[in-house]
Amino acid sequence: MTINLIDWEKSILSIAERNRKLNRPKLADAYTRLGYSEDALWIRQAIRCVDYLIRRMPEIAADDVWESMQSYTAPNNPRSMGLVFKICHKSKIIKPTARYRKTRRKQANGRDVRIWEAFE
């Protein structure tokens with residue numbers, strides 16, 4: 001299954017609108033800004049990367065995507081990776097497992113990261 005990258009901005013803006021209706025203006029503004037942010041290109045490429053990796057590996061974690069995206073300039077907001085996984089999960093590309101592993105990234109200070117598998 002592939003994600004429809006053409007409509008991903010609409011998805012972000014619909015999440016913003018939903019938060020606006022739920023009276024969460026700060027979250028709504030954050031999603032609105034993200035849809036038009038400098039990180040938008042990076043997010044698109046990271047979604048493609050997740051889709052590519054999960055077709056070739058039985059499971060992935062954020063570390064795998066960060067390592068595969070090293071040739072790109074890192075996003076201004078490092079939490080953009082969380083959005084990438086959220087979009088991929090909602091698009092039924094990946095699903096979470098109950099397992100975690102220690103990150104390989106020094107910036108993450110050895111915290112646990114979730115392991116994801118392909119959505120069937």
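Helix 4 (62-68), helix 5 and strand 3 each put at least two residues into the lining of the second largest pocket. Helices here are DSSP runs of H or I with at least four residues, strands are runs of E with at least two, and both are numbered from the N terminus. The pocket's volume is about 240 Å³, and it has 15 lining residues, with Ala62, Met81, Gly82, Arg111 and Val113 nearest its centre. By class, the lining holds 8 nonpolar, 2 polar and 5 charged residues.

A pocket is an open set of points on a 1 Å grid over the protein atoms alone, where a 1.4 Å probe fits and protein lies on both sides within 12 Å along at least five of seven lines; lining residues have an atom within 4 Å of a point. Volume is the space filled by probe spheres set on the points, which are joined across faces, edges and corners. Ala, Val, Leu, Ile, Met, Phe, Trp, Tyr, Cys and Pro count as nonpolar, Asp, Glu, Lys and Arg as charged, and the others, Gly among them, as polar.

This is a predicted model, where local features need pLDDT of at least 70, side-chain atom pairs count only at pLDDT 80 or more, and totals for chains, interfaces and linings use all residues. Residues are numbered from 1 along each chain as its sequence is written, and side-chain values use heavy atoms, leaving out hydrogens and water. The chain's mean pLDDT (the predictor's confidence in each residue, from 0 to 100) is 84, with 89% of residues at 70 or more. Helix 2 (residues 25-35) has the lowest confidence, a mean of 75, while strand 1 (residues 59-60) has the highest, at 96.

Now the sheet: it's open, with 3 strands in the order 1-3-2 and antiparallel pairing. Strand 1 and strand 2 are the edges, each with a single partner strand, so one side of each has no neighbour in the sheet. Pairing takes at least two DSSP bridges between two strands.

| Strand 1 and strand 3 (residues 112-118) | 2 bridges | Ile60 and Trp116 |

Helix 5 (residues 80-90) buries Ser80, Met81, Leu83, Val84, Phe85, Ile87 and Cys88, buried being under 20% relative accessible area with a 1.4 Å probe, protein chains only. After helix 5 comes Lys92, with a positive phi near 60°.

Terms used. Buried means under 20% relative accessible area, exposed over 50%, partly exposed in between (1.4 Å probe, protein chains only).
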